[in-house]
Amino acid sequence: MRRRDVLRTGAGVLAASAVGSVATALPTESYAPLGSAAVEGTQEVTVGDDGQTAYVANGTGFTAVDVSDPATPTVVADQRDLLADAENGPMKMVADVKVDGDRLLVVGPNSPSRDKLVKAALLYDVSDPANPEQLAVKKVDHPIHNSFFVDGYAYLTRSDFDRESMRIFDVSDDSFTEVSDFGIVDHDERWQDVHGWLRSLHDLWVQGDYAYFANWEAGTFIVDISDKANPEVVSRLGGLDAAKLSQLKQEDFSRIGIQPPGNNHYVTVDESAETLYVGAESWDLKPDDDTRGASGIDVWDISDKANPEELTTIRAPGSPDESFQGKFTTSHNFDVHDGRLYTSWYYGGVMIHDVSDPASPERLAWWRDPESQQFWGAKFTGDRDFFVAGNMGPGKDNTGGLVTFPDTAAEMADPPGVFTAPSNSSRVTESDWPEYVAKQNQTTTTSQSTTAQPTTSDPPETTTTAEPTTTTSGGTTATSGGDGGDDGGSEGSTPGFGVLATVAGLGLGAARFLGKRD
């Protein structure tokens, strides 16, 4: 039996049995963090190849944390106000760092801003993590929302809406030499008619001869980079096509681009690059209606890169208020290694799933404390005893820090609060599109209780417990959605609508909503 047939069989069994069930025979010990280290401005976390040091983006630079003893992680270097002497310096909105061997890549700002900010990628020697040495600086003329760093190549997202693309730099000689600049518009010029935010290259993953683009509403693209000077799109999964997206009016952007369904936000693949995980990020603009705000993680079989097939969706945990002002629980950054998926859900905490059968994920552990913890990302360390997660803190001005967790199956002894998980309108198909846009427009003049999204032909089941659920796919479907991006704060970044603030002509409702954040 072919692998794809095995996965499809597994998905059928899952649908017929306990969908999204917790793994049985869990240990009796209570699940809780092992240790933590305070880091002001915590955002993305990456772990060195030796698993001994974690690097945290801190808003104006990076922090190195020794995690050799997960019970007592210790800050060994705290680099802030990078490029303080540069024009428009120091750096701000530094939300992403990546490591490759003994080299560290630091990029920013992660989104457009009302302020003039220095925009750059920095290369550091971190062979001694306690004494990082700056090696090279590449100033650019665009924000860098995210990046990837592997095998001596730095991959930067160009995030300026005029040209959303991946820039590849060879840094093997400790300097930045550009190799290529490639985006989906180069693949198909019809994407040029779609507003840059709706097709934004929010994040990317690189492994072997392929790059994987998370292009928000446009979907996820698999790109052949075996010739790095001439990347080529192999396939697209999810998303709506350029013709559909180009029809949107700017007053539709906030409703289509912030709420579910959709938002190709973060992407990664397993070690074999046969299974791809796409996380969506979304919020609820109308918390009084009966649709959800939080989005989950779609799982795809990409053993045939030209013909991806969707397997299942891991739903987000719920919250009584999934708007940006509430305890939102949408998916954020995650990691997968050796059959386990490590995920973060902002106020929804962190989870481990067994994905040894990708079509039938089983949750092994879930920890959350929405009053004091809000997680940006969860990352494997190379040590099966523990993983790390970045806690932003419960509010914009809270410190947060790096938290270590046991990599084991267990349950919290006394989970906080009561989270709900109502039905998630997780997809809009191409045939649903006209009705969907019409209903979205209708909500601007009707009651908040009006259902804003159509029911698909195979809606997911409704749950009323605190358990996040997993739903099987009915086949390859086009999805819609977008990402709110990150806040344009002066020091660091928080999840939200900083990106939207740069989109001219947003509807009055969106403008009022955005104004509530200040």
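1. Both Lys 379 and Glu 44 are buried, where buried means under 20% relative accessible area, exposed over 50% and partly exposed in between (1.4 Å probe, protein chains only). Their side chains meet in a salt bridge at 3.0 Å, N to O; the term denotes a side-chain nitrogen of Lys or Arg within 4 Å of a carboxyl oxygen of Asp or Glu. Lys 379 lies in strand 26 (residues 375-380) and Glu 44 in the loop between strand 1 (35-38) and strand 2 (45-47), so the pair ties together parts that are 335 residues apart in sequence. Helices (H or I, at least four residues) and strands (E, at least two) are DSSP runs, numbered from the N terminus.

2. On the source: this is a predicted model, in which local features need pLDDT of at least 70 and side-chain atom pairs count only at pLDDT 80 or more, while totals for chains, interfaces and linings use all residues. Residues are numbered from 1 along each chain as its sequence is written, and side-chain values use heavy atoms, with hydrogens and water left out.

3. The structure holds 17 salt bridges. One of them joins the side chains of Asp 174 and Arg 103 (2.9 Å, N to O). Because Asp 174 sits in the loop between strand 12 (165-170) and strand 13 (177-182) and Arg 103 in strand 7, this pair ties together parts that are 71 residues apart in sequence. Asp 174 is partly exposed at 26% relative accessible area, whereas Arg 103 is buried at 19%.

4. A network of salt bridges links Asp 141, Arg 158, Asp 160, Arg 163, Asp 181 and Asp 186. Within this group, the side chains of Arg 163 and Asp 181 meet at 3.2 Å, N to O.

5. All six residues of strand 8 (residues 120-125) are buried, so the strand is largely enclosed by the rest of the structure. One side carries Ala 120, Leu 122 and Tyr 124, and the other Ala 121, Leu 123 and Asp 125. Strand 8 runs antiparallel to strand 7 (residues 103-108), with six bridges, and also pairs antiparallel with strand 9 (residues 133-139) over six bridges; pairing requires at least two DSSP bridges between two strands. Tyr 124 is the bridge partner of Leu 104 and stands opposite Gln 134 in strand 9.

6. The largest nonpolar core has 67 residues, and Met 166, Trp 191, Tyr 212, Phe 213 and Leu 276 have the most contacts inside it. Such a core is a set of buried Ala, Val, Leu, Ile, Met, Phe, Trp, Tyr and Cys residues joined through side-chain atoms within 4.5 Å. Strand 15 (residues 210-214) gives the most to this core, with four residues.
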